[in-house]
Structure formats: structure tokens, C-alpha cells
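The tour goes stop by stop, with a selection at each one.

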Amino acid sequence: MTRRTGIVAGIGVLVMAAGAGLIALAPPAGASTVPPAVTWSDCVAYSDETLEAMGVSPEELPRIRALLARTDCGTVQVPLDYNRPNGTKITVAISRLRATDQRHKLGSMAVNPGGPGGSGYLMPHELALTSPQFEALAEKYDLIGFDPRGVGYSTRAACARPDDDVTPPEIPAGPLTKETAKKIYDFQVLQNQTCWQSDPTFLGQLTTANVARDLEQVRKALGQEKLSYFGVSWGTLLGQVYRSLHPHSVGRMWLDSVVGPTANRLDSRFRDVTAADEGKIPRWAAWAAERDTTYHLGDTAEEVIALVKQVKAKLDAAPIVFSDLDQPIDGNLAAFLAVAPSPLWAEGTPALAALTTAKTGDPMPDALRPILIGDGRQEPTEPPADLPEQFNDAAGKAILCNDDTSPHDFPTFWKTYRSRQREFPITAGLAPFTQICAGWPIPAKEPFQLRKSNGSLQLSGHRWESPTPFPWIAQVQAKIGGTAFTVEDDIHGSVARVPECTEHLEAYFLTGRPDSGGCDGVTPPSDSAASAASTASTVAAAAESAPVSTDWAPSGNRWSWRKH
């Protein structure tokens, strides 16, 4: 799945994780008495080429440079292992976008885009650049960006890879067989064990709870009595764990696209995500049925869904090979199109309609070209030398797998996978083909505990999204409290992108009063691809898909098809 790097693509990197069994909610005994401090240094002077590679348009360069000019950059030394606070230290890199109204400043607000493995170092600048409401908040708050341990300018994780002569198994088109699944599983074991052997001492300490502890060290180093926080996706889990570990350190906290309290158990998570994918299809089907004269998929939602099932079964039984595409197309493409986020409905629906009549040997239908071969945009062959890392796959994998308490053996995975095929006939094939933490050496343990506290907490959930399903918000409320805010869209992390929603967020951070209302968020397009493009542009990269380890859905505002 493609992943856009950069400032304008940071939010909504997707989610999950937590600690690896070395976590207790009380501070470890023998904690260091040496107070943490920030070592300030010159910020990186990014070239125009680099800023544009991060998604900043030429017209926005003066604004981003003005933001960078009022930025402080530094590092904080934190324990690698909080059970050995006076032992090895690692570095956490932070940025501080200084509030313009220092006399009336409300404090500092840390921000995190998700992942795990996503860089938040330049997220303050992204938010202020793309959201007038966050630009206003940057008058009253110092916005604190940071790279979690393992990522970006912080002490960085890296994975060794299997030898070049070891190739991943071929995944034939059509339903997954047990034999193929076992080959994929065995290759996953090899990948994970090779990765672990790169640096087990460091990789074993990459946990959500340790990132939360690092954030507490950052708060202390900044000299703040309390730290406010805005997090998206996995950043919401980080916020939940930080609040549970250090309840008296939290000021105002807003968590958008809330991760559930059992998301560290990947089998449970994938089941919930797949159920959410299946559950949102009727909404799209009703939209398509209203436009049956255009798409001819059926004039009721039930007819549209029945046709999707029929097309999926047909393509699974006999995958199509177009004359101008060297890739067999099976039923998962029909499922992929049926769960597309709403900004893409006006493109995905004619593509699905084209599948209903497509035949092997025919040229690829025009409606399928943007999905199967992309929009023609070329990625730079050589990125700028100073392009900051926006995602670290090794850190993401380590946090996910150190947190995962689900079984890692193949028989359990295969039994669960087959059960999901029966339970979710359209979308089950979009779930991962293997236990992604197979072979990870740390045994599964309870990684963290979540606790209620009395501080201010705002939670926002998106009724129709699937990466962090809407029911999770009630589960989090039951665990830690807070006030729920409902966004009536299917776009992961859109609260900071849609002005109608961001106005509520701005009001919360200015007043501290939680909001039990909601907003519409990103609305479905009317009837045209042009309308869809306009709708998609309002969220920019708000719903970019997660990296491979949490890669469950199409991108929020452009196509990114791969063999699922």
C-alpha cells in the first residue's frame, strides 16, 4: 500500500499497540532522581525541495517557513528500560512551535499522528498550516511535536531483512488455501525473527507504555505542570496509556478515531475491523442504489449487496486477466471497492460496475485504471537528503508485536481466518493473510492497564469508519471515562481536517469544556467524480492507510490497490 510522506500527510497513520509485559502502572522502584532536561539545538533548515517532497505546495512555502522560524528543536534523554532508570539512555526528539501570545498562553499541547511508528515531529506545523482552527490554537498553546522512540530524529529502530535469496511466497489469485497460508506464515516468522535479531535489547523496549513514559519525561523537561494532548488513531491509545500512567500530568486531552482498549490483541482487532468493513457496505449500497440509472447495480441496497457478493464469488472462482495488465484480478477487488471511503464512491462505483461485465482477455476498463495502475503521478526516484523519516516500519512492528496478546501459532490463525470467511462473506479476504507477529520472540503478556481519572477528556469516534470502529469509543469510555463526540463520516482522523468539526476541537482546548455533540465530517459526494475529488480534497491525507502491518482499507482520498 502506498504511503504519502510528509507534513500534509501525517494525520491518521492508523493505530494500535502498547507495552511488552515490562509494564506496571506504578513508577518503577528506584526511579532516577536526575530531572530530565531539554538539550536545545538548531533546527534543520529544510530546502524548498524537501518541504515540497513533504507535501507543502509552493504557495504555502512562506507560511511553513514562518512557522519553522518560531520553532525550537531539542532532545530529551530518557531511560531505554524504565526498570533500569540509571542505565542506558536513548534520545527522544521534540519540536516546540511557540505560541504567538505568550502572555496569555494556556500551556503546552503535545500531538501525535498515530501508527505506531509515525513521526509527530512536524505535526504541529502540519496542523497549523492546514487548519485555521489549529492555527488559532497555536496562538495560545506551545504545540509540541515529538518522534516516539524508534522513529525519525529520535533513537531509531531498524530491522535486518532475510537474505536476498529468500523470496516471499507467491500469493495466487482467488481464495487463500491452507498450503499458501502456511507458506506466508513461515515467511512471516523468518521476517520477524530476522528483524528481532537486529537489536533485541532496543526492539524489546519499544512499547506504547514506554512511549507514554517518555512523554512524561518530555513534560518534566519542558517544566510544565500539566501537558495537554491531541492524538489520532494509535495516538489515542498512547493518550489513554499516558493518562492511566500519569493522571495528574494531563491537562486537556482530545482523542480522535479512538482505539479500543483490547486493540493490543490483534485477533480481536482484526475481527472488529473486518466487521466494521462489512457493516458499512449497506451505507454505500444505498447511495449506489439511488443512482441505479447511472451505475446499474440495483435499485435497492439489498440488490446492490447481492450483486457484489455474486461478482466476488465469480471472480474468486475464475479470476480475470486483462490483456494489458499482468495481474489476475479476484473477488477481493470487488470487496475493496465496496468498502472504499465515501470521497471515492463516485470513482469506485463505476469501477465496480465495470467488473460486473469484465472478461479475461479484454483490455482493462477505463473506470478501473485509476485503481489498478494509479493516477500517473511519479514518485521522486531519489528523495532529498534531508527528508525526515515520516514512518519507521521496524518501530511500528516492534510496538505492535510487543503488545500483541493473541496466539501466534498457525493452527489458531488458520481456524480464525476460516471462521472470518464464513462470518464476513464480502470483506474477510481483506484482512491480513497471516498472523503478523508470527515468530516474534517476546511471549505475550498483559501489556498495560487502563484506569479512570477525573481529568478533562474528549473522545471522538466516526460512525462509519473501519480502521478504528465506532463501538470502540463506548469501550474506552467504560474503561477511562471521558465525553463522546460523534462524527457522522467514514474518514479516519478527520476531526482536524473538517472546519465544522475542528471548531469544536478549538473550543474544547480554549475552554476545557467537553462536548457531547457531533459534526457531519466528510459528506459523501453527490453524483460525479469531480464532486468526489472536491470532497476528497477537503480531507487531504486525513485517512491515509496505515503501513503494511495495519493495512486494512483503501486510502482516504485516493486509490491504493494491491493484492490483499
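**Stop 1: His 296.** Select His 296, in the loop between helix H10 (292-295) and helix H11 (301-317). Helices (H or I, at least four residues) and strands (E, at least two) are DSSP runs, numbered from the N terminus. His 296 is not a glycine, yet it has a positive phi of about 60°. Its relative accessible area is 59%, so His 296 is exposed. Buried means under 20% relative accessible area, exposed over 50%, and partly exposed in between (1.4 Å probe, protein chains only).

Before moving on, note the ground rules. This is a predicted model, with residues numbered from 1 along each chain as its sequence is written. Local features need pLDDT of at least 70 and side-chain atom pairs count only at pLDDT 80 or more, while totals for chains, interfaces and linings use all residues; side-chain values use heavy atoms, leaving out hydrogens and water.

**Stop 2: Ser 257.** Go to the loop between strand E7 (250-256) and H9, where Ser 257 sits. Ser 257 also is not a glycine and has a positive phi of about 60°. Is Ser 257 buried or exposed? Ser 257 is buried, with a relative accessible area of 1%.

**Stop 3: H9 against H11.** Show both helices. Their axes come within 8 Å and cross at roughly 110°. That makes H9 roughly perpendicular to H11. Axes are lines fitted to C-alpha atoms, for helices over the stretch in contact, and angles run from 0 to 180 degrees between N-to-C directions. Angles under 35 degrees count as roughly parallel, over 145 as roughly antiparallel, 65 to 115 as roughly perpendicular, and the rest as oblique.

Now color the contact (heavy atoms within 4.5 Å). From H9, pick Ile 281, Pro 282, Trp 284, Ala 285, Ala 286, Ala 288 and Ala 289; from H11, pick Ala 301, Val 304, Ile 305 and Val 308. By class, the contact has 11 nonpolar, no polar and no charged residues. Ala, Val, Leu, Ile, Met, Phe, Trp, Tyr, Cys and Pro count as nonpolar; Asp, Glu, Lys and Arg as charged; the others, Gly among them, as polar.

**Stop 4: Arg 283 and Asp 490.** Arg 283 lies in helix H9 (residues 266-289) and Asp 490 in the loop between strand E9 (483-487) and helix H18 (499-511), so the pair ties together parts 207 residues apart in sequence. Both Arg 283 and Asp 490 are buried. A salt bridge here is a side-chain nitrogen of Lys or Arg within 4 Å of a carboxyl oxygen of Asp or Glu. How many salt bridges does this rule give? The count comes to 23.

**Stop 5: Asp 101 and Lys 140.** This salt bridge has its closest N and O atoms 2.9 Å apart. Asp 101 lies in the loop between strand E3 (89-97) and strand E4 (107-112), and Lys 140 in helix H4 (residues 132-140), so the pair ties together parts 39 residues apart in sequence. Lys 140 is partly exposed, at 23% relative accessible area.

**Stop 6: Arg 420 and Glu 423.** Another salt bridge, with closest N and O atoms 3.6 Å apart. Arg 420 and Glu 423 are 3 residues apart in helix H16 (residues 410-423), about one helical turn. Arg 420 counts as buried at 18% relative accessibility, and Glu 423 as partly exposed at 34%.

**Stop 7: Pro 116.** Finish in the loop between E4 and helix H3 (123-130), which holds Pro 116. The peptide bond from Gly 115 to Pro 116 is cis, with omega near 0°.
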